[in-house]
There are 2 protein chains.
Amino acid sequence: MNSTTDRIDSYLSRELDKYIDETSRLCAQPSISATGEGIDACAVLVSDMLQERAIRVQRFETPGNPIIVGWLEGVSERTLLFYNHYDVQPPEPLELWTAPPFEPVIRDGAFYARGAADDKGEFVSRLAALDAVRSAHEGELPCGVLFVVEGEEEVGSPTIAEFVRNNKDILRCHGGIWEFGGVDLNDRPQLTLGYRGILTVEITVETMVMDAHSGGAHMLPSAAWRLVRLLERLKGKDERIQIEGFYSGAAPPSSIDLELLHALPDNESWIREHLGVKEFVSGLSGKALKEAVFNPTCNIQGIGSGYLGEGMKTIVPASAMAKIDFRLVPGQDPEDIFDKLKTQLGVWGYGDVEVKPIAMMWPAKVDPDDPLVRLTVSTAEEVYNRTSLIDPLTGGSSPVYAMANPLGGIPIVAAGINYPGGRVHAPDEHFRIADFLTGSRHVARILDGFASVEE
Amino acid sequence: MNSTTDRIDSYLSRELDKYIDETSRLCAQPSISATGEGIDACAVLVSDMLQERAIRVQRFETPGNPIIVGWLEGVSERTLLFYNHYDVQPPEPLELWTAPPFEPVIRDGAFYARGAADDKGEFVSRLAALDAVRSAHEGELPCGVLFVVEGEEEVGSPTIAEFVRNNKDILRCHGGIWEFGGVDLNDRPQLTLGYRGILTVEITVETMVMDAHSGGAHMLPSAAWRLVRLLERLKGKDERIQIEGFYSGAAPPSSIDLELLHALPDNESWIREHLGVKEFVSGLSGKALKEAVFNPTCNIQGIGSGYLGEGMKTIVPASAMAKIDFRLVPGQDPEDIFDKLKTQLGVWGYGDVEVKPIAMMWPAKVDPDDPLVRLTVSTAEEVYNRTSLIDPLTGGSSPVYAMANPLGGIPIVAAGINYPGGRVHAPDEHFRIADFLTGSRHVARILDGFASVEE
């Protein structure tokens, strides 16, 4: 350790209580995006907390909740983005909280409140890291910092993508720290490098103007059968998706990706037990099971037609509906896949079927060799005394792309204060105070080193 | 016309008001099997109406509503069965009735009340026919008569089949008149010779103990996909059902069946318009469309899995369910088909899937050349002055089999007072009084002639 990191670490140990108090102040202010409760007051509080540090703040109104943006210049031209959000999930069911959700309390070394872990404590940990780095450099900051703190993450971030596209110039930066980093169940620091994209569509089939008596099933066109056959056509028994051109551009895992995947802990038997899975798709197991995340998917979220109540109803259903999601790997584009799906259905004779896009998110993946990734991993090893778990691509999706792509394909990583037991979105949400300290130290080291890593 | 039929016809004209009054008396007594309202009082009334005619009556208690059985001996050993029911559908919505449903009223030559057409007026028309034939023969009856009047037809006749099986000896008869005969939209007498059987099953697939995040769709077994693939396997794109042995024993149409089918009026364009059908199954039309009723079916009554609400829910569904009905042609047996389905699913690797039988009805079909059929058709021509429409097999199912099969495969036909405009099961249910008269005359002629037709 050099003397700068010593000064950072001791600053954060010494001042820890101050930042826990600041987290209390922020968590005591409700900010429920689902209902709107306290949103404006919380946006004001976030602005205040940034301005107290002489950060230049601008509040952007959106069709939804305001986005708070903060800029602070550094010695280097290079700028590091912090993406966080000030809104929280609704606290219900209230009776399951040990203490009231908006009256923060410390119990057994952990900080409890709605929003503690997701994402107010983490936001304050960034402020702590920033303060520590400035203190270690006698008031100077080695690189610039850009804060983007939105207020609609818990309702699906409906406005952030457009906001970023429209404000590319003032959001210029060279890398970012996403919300929600931390350690795994065994306290090992973990880092996710990539997220799959998603295209969700609703497919509606109508074959008659009303349901008909099933005595006519030998001649009447059934919407249920038509939908079943359409779906069966969409994906082969080998799980290959049959849309023409679906896989073009889909990037296979690199050899580093494969190494990283194989190094991940084996959670196969945990999933089998936890979800009661007897056999994975296509009989996958071992290395092949880990690698399968690089296969894009065609999943049925829901399918419905006809009568599902007690007993029976002798009908041929006139309409049927399915919600389908495609998880897309890097190199695939949900808009392009949507067009190809529509074209393919036409080719198969399903041109009459209604296909409505419900949601699109783009894939995003940072290179395992990116300097910011290497910095994040090496500093995590210093702070946690353990090597990081690095997941090259996770099965889910993230709005990371909405920042990374328009801002020039900047690398974005996550580091933070969370652990899997934190009851995020549930009653008794919390973070462990020890994690707050290590997470702040980790982020401070990244901030300290970001100016000098090569791109 | 011979003098017996003259006497029958003039008796029925002369005494018409008396039978309308008797229908009023019966319809004024509610008898709603869905709620139990008035059932017992109506069963008593039916017994009384039979006993007033010196018919020997026995009331059979069942797990549900009582069944009233009446016997009357004739000159011949041969006995004709009348199957009717004294229960009715609930009258709701009451506000849509022009007059209260249990206060019978005559308007514009039609008799309005709940149960008028289905099936109380028709039951009284049988009594009228019986009285007319006895009167024409000075008190004697050429053949014996057996009445079976049940009280649960409107809730699916759950007890009648077992009752018949357990009482075969005392229900001995040589042919039967089913409820619900009459004329079509063009006042042409119509006769259905056969009904398809039905097997309804509920298929439940479970692949996990709970729904999982769709980010795992590349590896997690989806109940929705498993069900879709099972269904697709069950029936080929050519509509052939793929269960081993499904078609064995299924009787194809005879050459007379085909002649009768082709002689039926063409309702193809009416169905297209009424149901908004663009294309029939397999592109059927013309003669092939009419003949298709002899194809047994595999129909999806309903299918459901996962999320169907607004927007989306990124899950892999853990469970999925479908209700399937198979309509079976003469020669097929729903119990046998159920066993074959279970076996086939095992062979295909779906042994873990739950398959629950929901309902079974057997096919039933009378030979177009049967003497009772010929008698019914020839007497209809006398009464209506028109040839009958004869449907050799209708797509739907009927409890006819529950009498015809255990009683030695007796021929059963329908004749009666109904027309398609009678608003059966709906507010303002009614029959036309002219139809009551012709229907009674028709049934009286069948009763009069039944002793002397050859078997």
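**Strand pairing, chain contact and helix packing**

Strand β13(A) and strand β13 (residues 297–306) of chain B pair in the antiparallel sense over five bridges; pairing requires that DSSP find at least two bridges between two strands. The model is predicted: local features need pLDDT of at least 70, side-chain atom pairs count only at pLDDT 80 or more, and totals for chains, interfaces and linings use all residues. Residues are numbered from 1 along each chain as its sequence is written, with chains lettered from A and ligands numbered from 1 in the order in which they are written.

**Exercise 1.** State which residue of β13(B) stands opposite G306(A).

*Solution.* Strands are DSSP runs (E, at least two residues), and helices are runs of H or I with at least four, numbered from the N terminus. In β13(B), the residue opposite G306(A) is G302(B).

**Exercise 2.** Describe the side of chain A that touches chain B.

*Solution.* Step 1: 59 residues of chain A are in contact with 59 residues of chain B, contact meaning C-beta atoms, placed from the backbone, within 7 Å. Step 2: β13(A) gives the most to this side of chain A, with nine residues.

**Exercise 3.** Classify the packing of α10 (residues 371–384) and α12 (residues 433–449) of chain A.

*Solution.* Step 1: the axes, lines fitted to C-alpha atoms over the stretch in contact, with angles from 0 to 180 degrees between N-to-C directions, lie 9 Å apart at about 140°. Step 2: angles under 35 degrees count as roughly parallel, over 145 as roughly antiparallel, 65 to 115 as roughly perpendicular and the rest as oblique; α10(A) and α12(A) are therefore oblique to each other. Step 3: residues making the contact include L375(A) of α10(A) and R441(A) of α12(A).

Conventions. Contact = placed C-beta atoms within 7 Å.
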